[in-house]
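Please consult the sequence and the structure shown here.

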Amino acid sequence: MAAVVLKNITKAFGSVVAVDNISLEIPDGQVTALLGPSGCGKTTTLLMLAGIYQPTRGEIFFDEVMVNGIPPKLRNVGLVFQSYALYPHMTVFENIAFPLKLKKVPKDEIRQRVQDIAKVVQIDDLLQRKPAQISGGQQQRVALCRALVKNPDLLLLDEPLSNLDARLRIETRAEIKRIQQELGITTILVTHDQVEAVTMADQVAVMRNGVIQQYSSPEDLLLKPANMFVASFMGDPPMNLMEAELSSENGKSVFRCGSELKIPVPDAIAAALQSRRDREFILGVRPENLELLDEPHELAVPGTVFMVELLGRDKLVDFRFGEVALRALVPADVAVSQGEKKWIRPQAHRIHLFGKADRQAVPLAG
Amino acid sequence: MKRRGYGMIVLLLLPALLIILAFYVVPAVLTGTMSLTNMDHRLSWNFVGLDNYKAMLQDTILSRVFWNTLLYVFGTLLCFNVTFGLLLALATSYIAERQAERTSMFFRALWLLPRFTPPIVYGVIWLWILDPTRNGLLNGILNFFGGRPVSWISEYPMPVIILTNGVIGASFGMILFYSAITSISKEYTWAAEVDGAGWLQRIRYVTLPLIRWPLMFVTAYQTLSLLTSYEYILIITGGGPFYRTTVWSLYAYNEAFGGYYASYRFGYATALTLVLVLISMVASIIYWRVFRFREMMSEPKIEVI
Ligand SMILES: Nc1ncnc2c1ncn2[C@@H]1O[C@H](COP(=O)(O)OP(=O)(O)OP(=O)(O)O)[C@@H](O)[C@H]1O
Ligand SMILES: [Mg+2]
């Protein structure tokens, strides 16, 4: 097991900067997710941890030992590739046994350890097949076995679930989590799926264009997004985001969003904004933090339902205020129909504000 | 409808059929017929039945030629066309992997040069390199270090023809193996590194098994082409000294066109070539079986998931 530290890591391929000066502290024995859209540098980071790429600048430490320049075979990491990269000419058994064979582990012990690990992920009856003769989900588990069989100090998973169907994904997610906890192995999980990151990881690093946007617990990513990118990237359905200008009307402060929407400012927020010079923000509120009321309320805005969309257990209720749209998420059994008039109240402590220029979160006390 | 489709098929196949007929079937039949005559420089069709084939059984030189052929074909194959070609491919792909693609390309182009050189020029270059006097390149070097000149060609005729053919032949394998190696998905290489394999282990356990089809294909293909190639031998040793480098195809050539032995024995020479065709066929069938080429035909040729 190892705690991992990345210090000012940069990786450039010629003029392309894939990873740009990132620093991370990855605690021992936990799952840390690298989350971000395609091309943001997740795989590159993982391959640097495995020793396949050398960082252009910066240092990597495993348990306080700098590992720059140490080749992959000496790092004792287990790596599961996005494509699994199972050797097609070897049987499942030979694939899993390969790292042990290279370590010259005695044959009997190899057989024992391969069978043990194969049992854990329930592929012990597939050992004599070739990778082409098993399903994608089974291949994924074989790849996991191959990474785990040598008792690595660090387990690196590159989008390990992306090739699985929805049900298998949920099962495998739980399985990986279980194995990880059983073995207490430090795990880094690369994914572009926020649900995967949030459900599996103890902490999540959100990346974009090679830069870490936020590194925090999954809850904080949703509740306290550090900037507008994280706010818009996390959450499904996505957060309502709109330009908002702080102004006052009849002695009360409101956010003017476009020409037709005026959102009353809760007192706590008004107090927090008092010391700021800027008046223009990006306002964000998640669909699940909008309440629909039948009666007027001082913090609610009146609106007419533009469209209702059923999303399984929930309904997405769409309001339009000129060019601005507000979407609210309510339980499916709430009666609401198109054309109906409702009062929309954002939960005061769930309103997010971002600076219009820098797009960074504006601190709101509370 | 159906008949029109059929006519179309015939029409489309016709050009290919005509070409095969004119340039393959007709010559084959002519050769077969000629092998039953004792045609010589007078070019008369004098049928003698199977006499030529019976003569082959009594030809004392032929068994020697047969062993020469085996030694030449498999010697060149093992030393150069497969092994050396593979080494070149591994070396150049290793260089390319280290971000030095131009250097890698340069070396591959260098090894292709002999193939682009006209055979006669190539042969003459080797004659100069191996010249028994001090004017030869090798002997010049030997002389420089105080050694005595060696008559390379007459003392080591078989190694010489294996070397001279191999230097050309290796490039074929090199090109095929190189492209096969570089088309192996990088992730296999990385997986092997993470699993703890060094460079040699990676090649042994991952690279070679993944390029097994190209390896077997080059082996089989080059066997057949070596069986019928004699032009460099003809230029460099002429088959000598005293038949020591005469291979089957060269023997047949000399029987027909060779200036200095008994020659213009067209009947006997065609019988010899027909037997060579038979040997090639047997070799193909053995390879087909042993290498299970049927699988290769029905699968992608390079395994990359
Ligand atoms: N070998 C390379 N040469 C040049 N550019 C590269 C190389 N590898 C990656 N890149 C670039 O670096 C950036 C990050 O790539 P990376 O593979 O790390 O993305 P990723 O976050 O894993 O994306 P995905 O989710 O699509 O796998 C991309 O813009 C990519 O084009
Ligand atoms: Mg990736």
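B:Y221 has a relative accessibility of 42% and therefore counts as partly exposed, a class between buried (under 20% relative accessible area) and exposed (over 50%), with a 1.4 Å probe and protein chains only. The model is predicted, so local features need pLDDT of at least 70 and side-chain atom pairs pLDDT 80 or more, whereas totals for chains, interfaces and linings use all residues. Residues are numbered from 1 along each chain as its sequence is written, chains are lettered from A in the order in which they are written, and side-chain values use heavy atoms, without hydrogens or water.

**Aromatic pairs**
- Over all chains, 24 aromatic pairs are found (Phe, Tyr or six-membered Trp rings with centres within 6.5 Å; stacked under 30 degrees between planes, edge-to-face over 60, otherwise tilted).
- A:Y87 and A:F98 are edge-to-face, with centres 5.1 Å apart and 75° between the planes.
- Both A:Y87 and A:F98 are buried.
- B:F172 and B:Y221 are stacked, because their centres are 5.2 Å apart and their planes lie at 15°.
- This pair links helix α8 (residues 157-182) of chain B, which holds B:F172, to helix α11 (residues 212-228) of chain B, which holds B:Y221, across 49 residues; helices are DSSP runs of H or I with at least four residues, numbered from the N terminus.
- A:Y87, A:F98, B:Y188 and B:Y205 are linked into a cluster by ring pairs.

**Charges over rings**
- The charged end of B:R212 is placed over the ring of B:W213, 4.7 Å from its centre.

Conventions
Helices (H or I, at least four residues) and strands (E, at least two) are DSSP runs, numbered from the N terminus. A charge sits over a ring if NZ of Lys or CZ of Arg is within 6 Å of the ring centre and within 35 degrees of the ring normal.
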